[in-house]
Amino acid sequence: MKTAVYPGSFDPVTNGHLDIISRASRIIDKLYVAVLDNPSKTPLFTAEERVQQLKQILKDYDNVEVMSFSGLLVDFARSVNSNIIVRGLRGVTDFSYEFQMALSNRSLDSDIETLFISADTQYLFFSSSQVKEIAYFNGNIDNMVPDLIKEQLQKKMKKY
Ligand code: COA
């Protein structure tokens, strides 16, 4: 059985991430969506909130499991018996960062392979930070995130 890990901060998850998850889930038998819980960063949504959001959004995917992780990604991959890391590529700027990360992960564990999936053209132009900024200024994020994220962003923004 081919298992893979799709890691990220997902603060918040966007339709771009969901496109990669959906396509990866069709070529991989079991996909672990791994939410980074990084104590040195201050995300808008806590790791627990991000895990719950993803679980809710991905509830109809039978072969996708959402978990959080801290520490090294290769250690998480090993803990779920997977040696494939899935990453999305939106263009050349992503490539240099992603290529470096793939090489670092392979130097940490030579069994690890990184599988790149090219993002769909409609998701090339935005990121989680941009979604948060647009939501903060009450801009339209309808095509960028699922409704659940839109609602939770609106609630969070009211507190600021
Ligand atoms: N569509 C839209 N946006 C996308 C996207 C897609 N398909 N893929 C990535 N993005 C955006 C995200 O929205 C995010 O935007 P932001 O910077 O504005 O917030 C950005 O690209 C990167 O996000 P993400 O894909 O969530 O990755 P990340 O860089 O936050 O996470 C980890 C990277 C978790 C994989 C990496 O930090 C990690 O492995 N950490 C563990 C520690 C470790 O093992 N280190 C050694 C390895 S180098």
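Start at asparagine 81, in the loop between helix H3 (73-79) and strand E4 (84-89). Helices (H or I, at least four residues) and strands (E, at least two) are DSSP runs, numbered from the N terminus. This is a predicted model, where local features need pLDDT of at least 70, side-chain atom pairs count only at pLDDT 80 or more, and totals for chains, interfaces and linings use all residues. Residues are numbered from 1 along each chain as its sequence is written, and side-chain values use heavy atoms, with hydrogens and water left out.

Most residues other than glycine have a negative phi, and most peptide bonds are trans. Is asparagine 81 buried or exposed? It is exposed, with a relative accessible area of 70%. Here buried means under 20% relative accessible area, exposed over 50%, and partly exposed in between (1.4 Å probe, protein chains only).

Now select asparagine 138. Look in the loop between helix H5 (128-136) and H6. Asparagine 138 is exposed, at 72% relative accessible area.

**A cis peptide bond**

Move to aspartate 11 and proline 12. A cis peptide bond joins them, with omega about 0°. Proline 12 sits in the loop between strand E1 (3-8) and H1.

Select serine 25, in helix H1. Serine 25 counts as buried, at 11% relative accessibility. Show its surroundings next. Leaving out residues up to four places away in sequence, serine 25 touches Leu31, Tyr61, Asn63 and Val64 (contact means heavy atoms within 4.5 Å). A polar atom of the serine 25 side chain lies 2.8 Å from the backbone oxygen of serine 22. That is a polar contact: a pair of N or O atoms within 3.5 Å; within protein, one must be able to donate a hydrogen and the other to accept it, and residues adjacent in sequence count only if both atoms are side-chain atoms. Then pick alanine 4. It is 21 residues from serine 25 along the chain, yet their C-alpha atoms are separated by 9.1 Å.

Step on to isoleucine 28, in the loop between H1 and E2. What is its relative accessibility? The value is 6%, so isoleucine 28 counts as buried. Its contacts, apart from neighbours within four places in sequence, are Lys2, Thr3, Ala4, Asn63, Ile84 and Leu115. Methionine 1 is 27 residues away along the chain, with 8.3 Å between the two C-alpha atoms.

Select helix H2, residues 47-57. Colour its buried residues: Ala47, Arg50, Val51, Gln53 and Leu54. They cover an arc of only 160° around the axis, which puts them on the same side of H2. The arc is that of the directions from the helix axis to the C-beta atoms. An α-helix has 3.6 residues a turn, so residues three or four places apart point the same way.

What do the buried residues of H2 pack against? Show helix H1 (15-27), strand E2 (30-36), strand E3 (64-69) and helix H6 (147-158).

Keep H2 and H6 on screen. Their axes come within 10 Å and cross at roughly 150°. The axes are lines fitted to C-alpha atoms, for helices over the stretch in contact, and angles run from 0 to 180 degrees between N-to-C directions. H2 and H6 are therefore roughly antiparallel to each other (over 145 degrees). Glu49, Gln53, Gln56 and Ile57 of H2 make the contact with Leu148, Ile149, Gln152 and Lys156 of H6.

Now centre on lysine 156, in helix H6. It counts as buried, at 13% relative accessibility. Its side chain reaches the backbone oxygen of leucine 44 at 3.4 Å. Not counting residues up to four places away in sequence, lysine 156 touches Leu44, Phe45 and Glu49.

**Last stops**

Go to aspartate 94, in helix H4 (residues 92-108). Aspartate 94 counts as buried, at 11% relative accessibility. Which backbone atom does its side chain reach? It is the nitrogen of arginine 90, at 2.7 Å. Gly88 and Leu89 are in contact with aspartate 94, leaving aside its neighbours within four places in sequence.

Finish at serine 70, in the loop between E3 and H3. Serine 70 is exposed, with a relative accessible area of 51%. Its C-alpha atom is 8.5 Å from that of valine 35, which is 35 residues away along the chain.

Note on methods:
Parallel < 35°, antiparallel > 145°, perpendicular 65-115°, else oblique.
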